Amino acid sequence: MDLDTVRTFVAAADSGRFQDAADELALTQQAVSKRIAALERGLGVRLFTRTPRGAELTIDGQAFLPHARELLRVAERAVASVRVGHRPLRVDVIASRVAPSGLMRGFHQAHPEVELDVVMLFDVETAVAALRSGTIDASFRAVAVPGRPLPPDIASVRVLDEPLHLLTGPGHALAGARSVTLARLAGHRIWMPGIVPGTEWAAYYDDLRAEFGLTIEATGPNFGSDALLDTVADTPALATFMGEHTRLVWPTGHGLRRIPITDPTPVYPHSLLWHRDNPHPALAALRTHLAALAPRPDPAGIWTPAWVR
């Protein structure tokens, strides 16, 4: 059913005169008459009766009017759902407990008027495809993994260098250290079952392992962060890496230690990605908010892979 004819019908019903409906819609009276006639042919009923005072709804016209109004309301809601500035800003944060999720919580607190849809996609290829299709407006990722440059229509900006901490149980040989150098970690087993080959975080830890001679193991099934914490707490031979802004809670009896890493400090580089043609006004507000955050650590004292922008 053509919405213009429905809109014309409602205008004529409200005004009671085809000429008044024509003036409201910036049409000629003849155009209004043709639209009403086409609608009546499509429905197979008469909607108006001409009178000396104008046009009155027939019984069928009265029955159709509330449905016609609802059709127009549904159409307006459909348009509003995708109109720039009237739909939620959709952002991929990878996971709920990691730093990007915290960055978005901070943005929400600073801009409660911006409606958000927070999603969690797996890898950078999936995120880039979603950005290009318009499924999401932005994504937090480490870029650009060797051999997989970003497409030219995808923009990025570095928003957070997150220092890594060493997480150990109370029986680990380094549990009493106030800080630990990367060189001192050589020979210790770092267990990270969440590393998935082919992802950007796997590329990051592959480079970290190669450059500093570390033993980073991804063996065994990944049962999630709670199981990881249980194992590290109970196994003196194992430790793991955790981002400084990762939010995890564990039982007091675990006795876990978070130990800063120095000389240099390995940082995980979080960048915000978006499509260059995305006009959502809240996207600009998000970029401005992230740009105003605290400065990154001194570049002279940090480590990131050579491929990181």
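This is a predicted model: local features need pLDDT of at least 70, side-chain atom pairs count only at pLDDT 80 or more; totals for chains, interfaces and linings use all residues.

The paragraphs below take up these topics in turn.

Four residues of α3, namely V32, I36, L39 and E40, are buried. Seen down the axis of the helix, these buried residues fall within an arc of 100°, and therefore they line one face of α3. On the face of α3 that is turned away from the buried side, the reader will find the exposed residues Q30, K34, R41 and G42.

Together with M1, L3 and L71, L43 forms a nonpolar patch on the surface, and the four residues have about 340 Å² of accessible area together. Just after α3 comes G44, which takes a positive phi of about 80°.

Another helix, α1, is made up of residues 3-15 and contains V6. Because its relative accessibility is 0%, V6 counts as buried. V6 and A21 are 15 residues apart in sequence, while their C-alpha atoms lie 12 Å apart in space.

From single buried residues one can turn to the interior. In soluble globular proteins, nonpolar side chains tend to be buried together. The largest nonpolar core of this model has 28 residues, and those that touch the most other members are L166, L185, Y205, L208, I216 and F241. At least two residues of this core come from each of β6 (154-168), α7 (200-212), β10 (238-243) and β11 (257-262). Of the contributors, α7 gives the most, with six residues.

What remains is to follow the charged side chains. Side chains of opposite charge can pair when their charged atoms come close. How many salt bridges does the count come to? The count comes to 14 salt bridges, and one of them joins the side chains of R17 and D20, with 3.5 Å from N to O. R17 counts as partly exposed because its relative accessibility is 38%, and D20 also counts as partly exposed, at 33%.

Two further pairs involve helix α6 and the loop between β5 and β6. The side chains of E125 and R148 meet in a salt bridge at 2.5 Å, N to O. E125 lies in helix α6 (residues 124-133) and R148 in the loop between β5 (138-141) and β6, so this pair ties together parts that are 23 residues apart in sequence. E125 is partly exposed at 35% relative accessibility, and R148 is partly exposed as well, with a relative accessible area of 28%. In the other pair, D153 forms a salt bridge with R132, and the closest N and O atoms are 3.0 Å apart. This pair links distant parts of the chain, with D153 in the loop between β5 and β6 and R132 in helix α6, 21 residues apart. R132 counts as partly exposed, at 48% relative accessibility. Finally, D92, R141 and E200 are linked in a network of salt bridges.

Methods:
Residues are numbered from 1 along each chain as its sequence is written. Side-chain values use heavy atoms; hydrogens and water are left out. Patches are made of residues with over 30% relative accessible area and no salt bridge: like charges are joined within 9 Å, nonpolar side chains (Val, Leu, Ile, Met, Phe, Trp, Tyr) within 5 Å. Accessible areas come from the Shrake-Rupley method with a 1.4 Å probe; for residues, only the protein chains shown count as cover. Buried means under 20% relative accessible area, exposed over 50%, partly exposed in between (1.4 Å probe, protein chains only). The arc is that of the directions from the helix axis to the C-beta atoms. A nonpolar core is a set of buried Ala, Val, Leu, Ile, Met, Phe, Trp, Tyr and Cys residues joined through side-chain atoms within 4.5 Å.
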